[in-house]
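Open the model in your viewer and keep the selection panel at hand. The stops below are meant to be followed in order.

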Amino acid sequence: MAFKENPDLYRKDWRWQEGDLTVTRTCHWSAPGCHDSCGVLLYTDKDDNLVKIEGDPNQTYNNGTLCMRCLNMLEAVNHPERLKYPMKRAGERGEDKWERISWEEALDIIEENVRRIQKEYGPESIVGMMGTGRNCNWAVPLITYAGFGSPNFALGFLSGDSCMLPRAAISAAVMGDLPIIDAAQFWPERYDHEGWKRPDYIFMVGNNPLKSNGDGFLGHWIVEMMKMGTKLIVSDPQLTWLAAKAEVWLQGRPGTDGALALAMIHVIIEEDLYDHEFVEKWTYGFDQLTECVKEWTPEKAEEITWIPADKIRKAARLFASGDPSSLQWGVAVDMNVGGIPQAHAWIAMNAICGNIEKPGGNLIARDAYGMVLSYPYGYDKYIPPEMQAKRIGLDFSPLHRFAAGAATAHGDSILQCIETDKPYPIKMIWFQSTNPIANMAGEAPRVYDAINKMDFVVVVDVFKTPTAVAFADLVLPAAMSCERNSIRGWWTPTRAITKVTSYYEAKSDEDIVVAVCSRLNPENFKPRTDIELLEEAVENGIDNPPFTYAELTKMVDSWPERPYAMHEKGLLRSDGEPGFNTPTGKIELYSLVLEALGDPALPYYEEPRESPISTPDLYEEYPLVLTTGHRSYEFFHSEHRQQPTMREFHPWPLVEMHPDTAKKYGVKDGDWVWIENTRGRCRQVVHETPTMDPRVLNAEHGWWFPEQDAAEPSLFGVFDSNINNLTNQCVTGATGYGAPYKSQLCKIYKCTEENSEVMPGKQVTELGGFKYDRIQYTDDAVHDNTNEEMLEGRKYVY
Amino acid sequence: MSIKDYGLLINYDFCTGCHTCEIACKKEHDLPEGQWGIRVLQDGPREKEDGTWEYTYMPLPTTLCDLCEERVEEGRLPTCVHHCQARVMQFDTYDELAKQLPNMPRTVIYAVK
Ligand code: SF4
Ligand code: SF4
Ligand code: SF4
């Protein structure tokens, strides 16, 4: 007799009793975190302790599956080192001396400092920062806007804002919205959805979705489609498991995908493989595009990318042959100086092949029911136009106004503003769920110096991080996902996150918003509880969500209707006309918005500023191309390092290299090596693998060692293995977007006792950092050709 | 029926090596550091003569695997099967599992108990 699951154990109710345990059916979304929000069953005992977690088989988003991180949730939630109480600094910064205080005292300290800085310098002198894609996407902006009255919300010193924001900005500019791959994730019945078909080809560039699960896309959906017959084309400097399964694997030089894109478009147009009807009806500027890719023969691209021309041709032909094909792009597209034009090129390639808004192609993604719980939340309500005009970096990067749901102040400009006090001084930073010196801040030692200039620093997190020890005057304990009431609004479905337990005095991000904003702005900020805040968020949904928050909790999720071919049906523009939400109503291969902003209106290729081609002399001294930032199953960026089970799987930071490279430099698997360039050095452990090109190194990011000393000079060893000792700030594309995290030059040498006497932690915290000239933006980098009419005339449907 | 009538099917063609089965098992059975109920083994990556690549993961239940007998008795799938991210694991009677083999190249059925 076939095995049958007991349906009583996996119900569709939101909560039920199973013996002594209460089972709550809900969703998980940070902390600890990733970009996704899988359905989970949380089992609590009679004292509300979380005792077990399982994937929810009735949530079709993940169909019961979970990755390592949710499966190890109990180790995270019950970790003895979690922050339990608010604490204020009792010694010097970096000494790791703290005094426990109450939340009331913490709020008093916050109020006193915020009022003082607002009065002396203006609200704009306060900056709010968060990490990537956590469930405080709207909480930190709201605290910044409603609480501090400042327009300056940004990511934690992420250079070039290079994580999804460049793709979001250029997508908004040239096609009105962000396209994502159609894995039938917009409908609860998933792959059975009427009309859905699997793509013939998926072209993957700039990510390994199995590990990264970026931007609300669960990577293993790709595997489901492979089982149905979808074939892969993969561009990746390393052979991943997906690349090994691909029809074509394009092993390019990091930072050169822009050249690949132009050459693929060249082939598709030259060989007449494009979708004439779609081009005619729904694109603008095809002739100009044709002209601009003329010179981009695969042979020319081969010289730049190191990818054989015949492979480029094959990839282009296969992609164009799909009915449809779809594009799975990732953060590496953003992480180079040519991020914007590269993303524009991929959009153009996908558009001329007619894959947009087709079943199994790429669909326009919007937050369900117009509930945009992200960076702009509360911006227009709480920040008056005169104050909005002070947002840092808008003059330098007018395109920053176009990032729609992802618009922020400009990260590099904030750093420069701190360093120069121009156009005004920055005096306070509020870090929530971000650990920049461990993770996203390029040129981390420089950022360390900048943050130390602050009068007042608050860190809100789940663990005492290196950032907290180094800078915080006040540390506040944040709740984890199972300890909070919240909403997942990012794409579809809208999901309820339901509180089942609590941890000492940790507060949810929602509770922190309410506590801070009702203290600092009691007249204008109305919600007084997390539930009131959430109900207000539902009411703010533009497309009339058919539920209240209380109802959503019991529904667990809600899926809005979503037809295909939205552009044909007049569902994308505020005027209700057919077309895309752009000036021409078409996908702009030649962009009128970029033209109006004084940026090149067509895609182009920009060589990394440090590379074998652009700096051959430097390449002699630093003969390896360095890429970084790839993910692992165990960790989400700088998180999870304190969990013993994760460290059992992945104990040390690994730098991957071809065996020939290891041999050439006299190192072998397991050796610690120094990785060094003109800006600094760090050490990681060699992992030899034939998946790499011998000319390229792949180093990990996000490492700190919670088991090491907290106090300076160690700061949990955060600088010792920090690949961001080698990356840049203020080296971005002309639009201010895109920074070269993924394409540096470096050399390596084996660690010895002698050459390890001065560790990077000491160098940075005690010896004034590594010695070199820090790059600054110059005044003439500021755009003067801002077409106000074009900027103001833009209307979002959300 | 007894647990001996059930087997574990793995379509290793699509196993991504995501470690979910390993950690799910470790947590369900509270296994200490260094102990495993299932291990994901790896062949490759190795370039073949035709330029394509061999890169295969193969999960192997260890002698600690009890097929999640307690869970199965309650009417739950083994936790590795329940959570497998690539959904390549199945738990059922040998008859049911064997039916799938003709359409599922690169698949094994483990008799564990
Ligand atoms: S992707 Fe992993 S960490 Fe993120 S919600 Fe899903 S199971 Fe949890
Ligand atoms: S069946 Fe249970 S015991 Fe066996 S490997 Fe899977 S999870 Fe472990
Ligand atoms: S959980 Fe599934 S896909 Fe992941 S390693 Fe195990 S068998 Fe492979």
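Where is D693(A) found? Select it: D693(A) sits in the loop between β26 (680-688) and β27 (696-699) of chain A. Helices (H or I, at least four residues) and strands (E, at least two) are DSSP runs, numbered from the N terminus.

Before going on, note that this is a predicted model, in which local features need pLDDT of at least 70 and side-chain atom pairs count only at pLDDT 80 or more, while totals for chains, interfaces and linings use all residues. Residues are numbered from 1 along each chain as its sequence is written, chains are lettered from A and ligands numbered from 1 in the order in which they are written, and side-chain values use heavy atoms, with hydrogens and water left out.

**Stop 1: around D693(A)**

D693(A) counts as buried because its relative accessibility is 8%. Buried means under 20% relative accessible area, exposed over 50%, and partly exposed in between (1.4 Å probe, protein chains only). Show the backbone nitrogen of R695(A): the side chain of D693(A) reaches this atom at 2.7 Å. Contact means heavy atoms within 4.5 Å.

**Stop 2: salt bridges in chain A**

Select E483(A) and R82(A), whose side chains form a salt bridge with N and O 2.8 Å apart. The term stands for a side-chain nitrogen of Lys or Arg within 4 Å of a carboxyl oxygen of Asp or Glu. E483(A) is in the loop between β18 (474-477) and β19 (486-488) of chain A and R82(A) in the loop between α2 (73-77) and β5 (87-89) of chain A, so the pair ties together parts that are 401 residues apart in sequence. Both E483(A) and R82(A) are buried.

Move to R573(A) and D575(A), another salt bridge, at 3.2 Å from N to O. R573(A) counts as buried, at 18% relative accessibility, and D575(A) as partly exposed, at 45%. Next select E104(A), D108(A), E111(A), R115(A) and R519(A), which salt bridges with shared partners join into one network. Over all chains, the count of salt bridges is 56.

**Stop 3: where chain B meets chain A**

Colour the two chains separately. In contact here are 41 residues of chain B and 43 residues of chain A. The area buried between them is about 3,700 Å², with carbon and sulfur atoms giving 59%. Buried area is the accessible area (1.4 Å probe) that two parts lose on being put together, summed over both. In chain B, pick W53(B), R76(B) and Q85(B): these lose the most area to chain A, together 19% of what that side buries.

How many salt bridges cross this interface? The rule finds 6 between chain B and chain A. For one of these, select K26(B) and E648(A), with the closest N and O atoms 3.1 Å apart. For a second pair, select D13(B) and K245(A), where the closest N and O atoms are 3.0 Å apart. D13(B) is in the loop between β1 (6-10) and α1 of chain B, and K245(A) in the loop between α8 (241-244) and β12 (248-250) of chain A. D13(B) counts as buried at 15% relative accessibility, whereas K245(A) counts as partly exposed at 24%.

**Stop 4: α1(B)**

Select residues 20-28 of chain B, which make up α1. Of its 9 residues, 7 are buried: T20(B), C21(B), E22(B), I23(B), A24(B), C25(B) and K26(B). These pack against α1 (68-71) and α26 (644-649) of chain A, and against β2 (38-47), α3 and β4 of chain B. After α1(B) comes D30(B), with a positive phi near 50°.

**Stop 5: the ligands**

Around ligand 1, show H28(A), C34(A), C38(A), L66(A), C67(A), R69(A), C70(A) and L218(A). A residue belongs here if one of its heavy atoms lies within 4 Å of the molecule.

Ligand 2 has chain B residues around it, including C25(B), H29(B), C65(B), C68(B) and C80(B).

Finish at ligand 3. Of the 14 residues around ligand 3, C15(B), C18(B), C21(B), P59(B) and C84(B) come nearest.

Methods: A polar contact is a pair of N or O atoms within 3.5 Å; within protein, one must be able to donate a hydrogen and the other to accept it, and residues adjacent in sequence count only if both atoms are side-chain atoms.
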